[in-house]
Amino acid sequence: MALLQEHGEDARPLAGGQSLVPLLSLRLARPSHLVDLAGISELGTIVVEGDHLVIGAMVRERSAERHGDVRRLAPLLAQALPLIGHPAIRSRGTIGGSLSHADPAAELPAVALLLDADLVAQSSARGTRTITAADFFIGFFTTALEPDEILTEVRIHRPPPGTGSAIEEVARRHGDFAMVGAAAVVRLEDGKIADARVALTGVSGVPVRATEAETVLDGAEPTEEAFATAAEEAAKSLSPPADLHGSSAYRRHLAALLMRRTLKLAAQRAREAA
Amino acid sequence: MSTFDVELTVNGTSRQGSVEPRRTLADFLREDLGLTGTHLGCEHGVCGACTVLVNGEPARSCLMLAVQARGADILTVEGLATDGVMNPLQQAMWESHGFQCGFCTPGFLMQITALLAENPNPGEAEIREALSGNLCRCTGYESIVNGVLRAAGHDGSPIEPQH
Amino acid sequence: MQNIAERFTGASVKRSEDPRILTGTGRYVDDVRLPGMLHAAFVRSPFAHARITNIDVTEARKVPGVIAVLTGGDLDTLTVRGPGSAGMFAGNLPMPSFSILATDKVRLVGDPVALVVAESRYLAEDAGELVEVDYEELPAVITQEQALDPAGPPIFEDLGGNVLIHSPAATFGDVEGAFARADRVVRAELRQHRHQNVPMECRGVVCSFDPESGELTVYSATQGVHVARAGFATQLDMPLEKVRVLAGDIGGSFGLKIGAAREDIACGAASRLLGRPIRWIEDRSENLTTSGQARDESFEVEAAISDQGDILGLRVKMIIDTGSYPGLGGMLPEMVKSMICGPYKIGALSFESTAVITNKASYIAYRGPWASETWVRERMIDLIAKELAMEPLEVRLRNVVTRGEPPLETVTGRSLVGLTSRESLERIAELVDVEAFRRRQAEARTHGRYLGLGLATYIEAAPGPRTPEGGGGVLGPEQMRLRLEEDGTVTVFTSQMPHGQGHQTTLAQIAADEFGVPFDQVRVVVGDTDVVPMGFGTGGSRSATLAGGVTLHGARALRAKVLELAAHLFEASPQDMELSGGGVSVRGVPARALPLGEIAQAAHQPGRVPPEFEGDLEVISAYDGGEGGWAGGTHAAIVEVDVDTGQVRVERYLVAEDCGVLINPAIVEGQVRGGVAQGIGAVLLERSAYDPDSGQFLSSTFMDYLLPTACEIPRIEIDHLETVPLDADVNFRGVGEGGMIIAPPTVCNAIEDAISPMGARVLEQHLPPCRILELIGAIATER
């Protein structure tokens, strides 16, 4: 962190390198210094603290994928991890690295947003601070981290009873970045929706919560019609980007489709969990 | 640019070098250590031709800096055969006509080695998914999948990475 | 003749290339290491079309470790301007004048403007960033409309405009009559999109000039070392004898790596200037952006048909986008015209074409360059079937040629003798059971699932039937040198340059059989202009016939020569000689035997050979392809279209193919599957996309240019048809390009069949998920 402070914007922290090194090779990023975080063992642990799962920023995605506590305490994260690239990417890529890189098509930022995760950052000058996921992703490949800060850990609260989650994405090929992805968490109480949350990737520069859908579903019966209506409503307000892989209309269509599907599956899992 | 000393184990032998921080592990293996078996197909982490094993796990060597590999135990394609005798995976690939131009081959062999170490008896769908991060332009993949099935079934015992 | 129990031809002999490939000890061009070797990197234009008003390399030259920075102007004084390797394909096309690297203007994004030579590739690229180039942007010519506009800025001023060549309608048969008596005319505008070869190994070269001898040694990855050598010699103004081209292992090419690229020549000139070896390897972005692209064609087609489904005649207008610097594109319409009627009884054809120049990568050869003829025709047949509410299979069976019955020639004059196209359709029909599929398809639709079946049939000139030029066509006869060595092995020297096809295995199989030694006693030498005979190299699907044939005949000739010498040594008659078990003996007298090696040694010992014995135990053979012949077949695909996401899954893919006599079935099948995979990739994933306003290339990384993976390509079922032998000895035919020619229409036909309930018509070849949803009306089409 001292190095980051010293070199400011010219220095970049190096976590797994799966996003940063290609930028170096393509000469799109030109840091004068790289600060290798791999040697910091405190960043590489997964611990359970009461109702929280605390994942060190340098935990490799593949390790998290295989970890029993992740499956138990953060099922949505466990569902998301195998969707990230390929095993050779996940053997090096880190949880913190992915979150800090904030690719709009990446899975982990949407998961963090949906789970209201707390992201803990630290700098040499100002010490530690906690940033909620809602405040963390502020723009296209941009987070709330200052140049001299690194992410040290992610804190995820275990889901309350009666909660189910699901994540689904549409990519051109297996393992590619999603064109659009949706993640949903549904909690049922007495057969009705007590809490429904859904996040989207690939429709904006940051992961977005589909709040229109969430509002409509609050207290509603968990029926297919309800999910379809909520998804359609939420999709209307989207202006997704167009690129080589799909038009804006296509992404909007996928957003509605995936919201509907993940809400339905999350509700089904919530029923099973009860 | 300043250089850093790197010491690591490659194919069971201790190796060292002095590198710029920006030098990739792939370039270090190919240029500094003369191990040209690891190939570069894209240099941005998509094609998988540069795959090696780092502490037993598959990694794209074009996405690692050599300095990140300090102290690591690396296995490359050159480390699969022993005294010029091909290992059972290589034999199985030979018998299955697995490859054509051979450029993607080292990456596939290392990824398959990792796959079989974790899952000694994979089904076809599992094989295809595990190999979906390695691109081949010549074969259409079927011959490679056949080779993996052959390697997995040859005598039932798993393929161990040599450390 | 063959005394050895095992026959290698026709068996899936394990490849002799594989031990080095599997152990990582192959030698690809980027693996070459020479003492004192330097590294090259190119500075490239960020603009599609611009004048260079100034170039300043002062800062770049100052970077420590940089040995030289050469501008386009510097290199222009060191090289000879010319059409480059494209000149091979030029025929009578207009050839513009241009320099090795851009001097006064750039004509595509990525056009090289300067060369940096440094101690490492990293440093060369560092210095490249410090080269300052001032550009004056010109309007980019990207679309066909822009290229056809006479007011548009000419990309090559000396050509005057961007229409390279317009060929007015050529007619064959009675076109007017066909359309006059037609019951109806089916019309379509069909668009084939730009995509490209993308071998896993990028282009590269090592050029090593020796100032003392004045010789240039080139380590290259090229499909033909002699063609590359001619390119270097011409453009560096050196005598051929002073240029040696070597090629080791090549990581795929598919038509990309032919001749000498502009960058190769630049490295050769720089090596000569500096007196040191220089290695260049492009990165993937350079490969995707500048190395060359293919398949950028559009067609207006009219088919005159009867209500019963006879195709009476075709009218075709073709426009091809040949990109910037000359490549194969200008010549392509002739090939398409010649092939477009395929194996069908189409009695009349009118064919008009225009080739335009644009600010895109050069149009180069890509595995079956003329493939659009098959795509257009097989798409039209399905559209005709739809018009008449007939099964596409029935329309094909109605129109396909029947062996032994007229017509015996296509309307463009190519012989149709020996075709098994009808048999391939019938075989596919057996394997697929169309009726059962239709029931399954109908049932699936009631559950909201959309399955489709597509077929397509093709022939390709691999090498094609014998013409006045011979069975090998315009590329001429194939030569080969074969020699018996003093250790009893046979060495075969060939101009073939395998880059995945396994010629070192297949040619050894044939030589072993025809000469009479075990397979591992034959060594096939490739890739050295000092040593291999003249020839085009590998390409055009001619190796099986031409190289296979010359191996067969050459091995027999060598065998005869060996037996002749042996007879002399035994004082017996050649008819009494027997070659088996690695030696020659007198028939019936096994005790009188000599190992082959000793016979070879005897040929070098003065006094042991007869006076009339010529030279060594070596022969040079040439073979013109004999009767040649077509390769071809029918492919079928069953796909499922997910109408929610637009994604397409190929559930089943079948091939009924005829490539003559198989030399090595596993190698044949590998070629077919690889070609099919590229065809599936073209339809579902691959596109070389340009921004129509700026000319920026949009598919410059593997995140944008998508290749199919193991999850996208299904198992491919291959049935080998019994072939019709046309030649007494050589009935091997090529198979390298076929898969890529026929797979795209097969898959497109299947997709249209799947989404036909929505009234969708597939008139383009690139069908990513977004496009599928547009075609079925699930989303609006946005541009």
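Start by selecting C:R315 and C:F179: in this predicted model, C:R315 lies over the face of C:F179, 4.0 Å from the ring centre. A charge counts as sitting over a ring if NZ of Lys or CZ of Arg is within 6 Å of the ring centre and within 35 degrees of the ring normal. Stay in chain C and pick C:R262 with C:Y325; here C:R262 lies over the ring face at 3.9 Å from the centre.

A word on conventions before we go on. Residues are numbered from 1 along each chain as its sequence is written, while chains are lettered from A and ligands numbered from 1 in the order in which they are written. Local features need a pLDDT of at least 70 and side-chain atom pairs count only at 80 or more, whereas totals for chains, interfaces and linings use all residues, and side-chain values use heavy atoms, with hydrogens and water left out.

Colour chain C by pLDDT (the predictor's confidence in each residue, from 0 to 100): the average is 95, and 99% of the residues score at least 70. For the complex, the predictor gives an ipTM of 0.96 and a pTM of 0.96.

Next, select C:R194 and C:D296. Their side chains meet in a salt bridge at 2.6 Å, N to O; the term asks for a side-chain nitrogen of Lys or Arg within 4 Å of a carboxyl oxygen of Asp or Glu. C:R194 is in the loop between β8 (184–192) and β9 (204–210), and C:D296 in the loop between α9 (284–290) and β13 (297–305), 102 residues apart. Helices (H or I, at least four residues) and strands (E, at least two) are DSSP runs, numbered from the N terminus. Are C:R194 and C:D296 buried or exposed? Both are buried, that is, under 20% relative accessible area, with exposed meaning over 50% and partly exposed in between (1.4 Å probe, protein chains only).

**Where chains meet**

Now show chains B and C together. In contact (heavy atoms within 4.5 Å) are 59 residues of chain C and 49 residues of chain B. The buried area, meaning the accessible area (1.4 Å probe) that two parts lose on being put together, summed over both, is about 4,400 Å², and carbon and sulfur atoms give 54% of that. Ten salt bridges run between these two chains. Zoom in on B:R30 and C:D30, whose side chains form a salt bridge at 2.9 Å, N to O.

For another pair, select B:E57 and A:R66, with a salt bridge of 2.8 Å, N to O. B:E57 lies in strand β4 (residues 57–60) of chain B and A:R66 in helix α3 (residues 61–66) of chain A, so the pair joins two chains. B:E57 is partly exposed at 26% relative accessibility, and A:R66 is partly exposed at 37%.

**Last stop: rings in chain B**

Finish with B:F99, B:F108 and B:Y141, which ring pairs link into a cluster. Rings of Phe, Tyr and Trp (its six-membered ring) pair if their centres lie within 6.5 Å; planes under 30 degrees apart count as stacked, over 60 as edge-to-face and the rest as tilted. The structure holds twelve aromatic pairs over all chains. B:F108 and B:Y141 have ring centres 6.4 Å apart and planes at 50 degrees, so this pair is tilted.
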